[in-house]
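Please read them with the coordinates open.

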Amino acid sequence: MVKHSSKPVSGRVWKNKKESRTSSLSDVKPLKTSFNRKMILKKQKEDMKRIVDQMKQDRAEKQAAKRKREEANRKRREENTRKNEIVQVITNTKKLKKIKKKHLRTIETR
């Protein structure tokens, strides 16, 4: 087989011919950053951390307030249902001995 430079032997014309292997590429060392640049990056990082902490704290405060509000609403609802109940006072305790067991379960003491 003769190699032609115009068209690959495989027929895959969309593939480019590699100039060199990837293993032959040398790693480029990054240039050292200046002290001023390091300080700027450090300050930016600290500012970002402060902002994130503030956001977390705000979120925690909101959640605590919501939890407190929900608890207050639940207590208020319970109090309202207690106020709304129709209560019959049992003065004669001998009646309790005559009442069936199933009915005794529904009786609440306050």
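1. The protein chain exposes about 12500 Å², with 54% of that area supplied by carbon and sulfur atoms. Accessible areas come from the Shrake-Rupley method with a 1.4 Å probe, and for residues only the protein chains shown count as cover. Of the 110 residues in the chain, 0% count as buried. The classes are buried (under 20% relative accessible area), exposed (over 50%) and partly exposed (in between), with a 1.4 Å probe and protein chains only.

2. This is a predicted model, in which local features need pLDDT of at least 70 and side-chain atom pairs count only at pLDDT 80 or more, while totals for chains, interfaces and linings use all residues. Residues are numbered from 1 along each chain as its sequence is written, and side-chain values use heavy atoms, with hydrogens and water left out.

3. The secondary structure comprises three helices and zero strands, in the order α-α-α from the N terminus. The radius of gyration of the chain is 40 Å, well over the 13 Å that the globule rule gives for 110 residues, so the chain is more spread out than a compact globule. Helices (H or I, at least four residues) and strands (E, at least two) are DSSP runs, numbered from the N terminus. The radius of gyration is taken over C-alpha atoms, and the globule rule is 2.2 Å times the number of residues to the power 0.38. Along its principal axes, the C-alpha trace spans about 115 × 55 × 20 Å.

4. How many salt bridges does a search of the whole structure find? The search finds four, where a salt bridge is a side-chain nitrogen of Lys or Arg within 4 Å of a carboxyl oxygen of Asp or Glu.

5. R74 has a salt bridge with E71 (2.4 Å, N to O) and another with E78 (2.6 Å, N to O). E71 and R74 are three residues apart in helix 1, about one helical turn, and E78 and R74 are four residues apart in helix 1, also about one turn. Relative accessible area is 34% for E71 and 35% for R74, so each counts as partly exposed. E78 is likewise partly exposed, at 43%. Elsewhere, salt bridges with shared partners join K43, D47 and R50 into one network.

6. R50 is exposed at 53% relative accessible area, whereas D47 is partly exposed at 24%.

7. The largest pocket holds about 590 Å³ of space. Helix 2 (94–98) and helix 3 (101–106) are the elements that give two or more residues to its lining. That lining has 17 residues, of which V87, Q88, I90, I107 and E108 lie nearest the pocket centre. By class, there are seven nonpolar, six polar and four charged residues in the lining. Ala, Val, Leu, Ile, Met, Phe, Trp, Tyr, Cys and Pro count as nonpolar, Asp, Glu, Lys and Arg as charged, and the others, Gly among them, as polar.

8. On the pocket terms: on a 1 Å grid over the protein atoms alone, a pocket is an open set of points where a 1.4 Å probe fits, with protein on both sides within 12 Å along at least five of seven lines. Lining residues have an atom within 4 Å of a point. Grid points are joined across faces, edges and corners, and a volume is the space filled by probe spheres set on the points.
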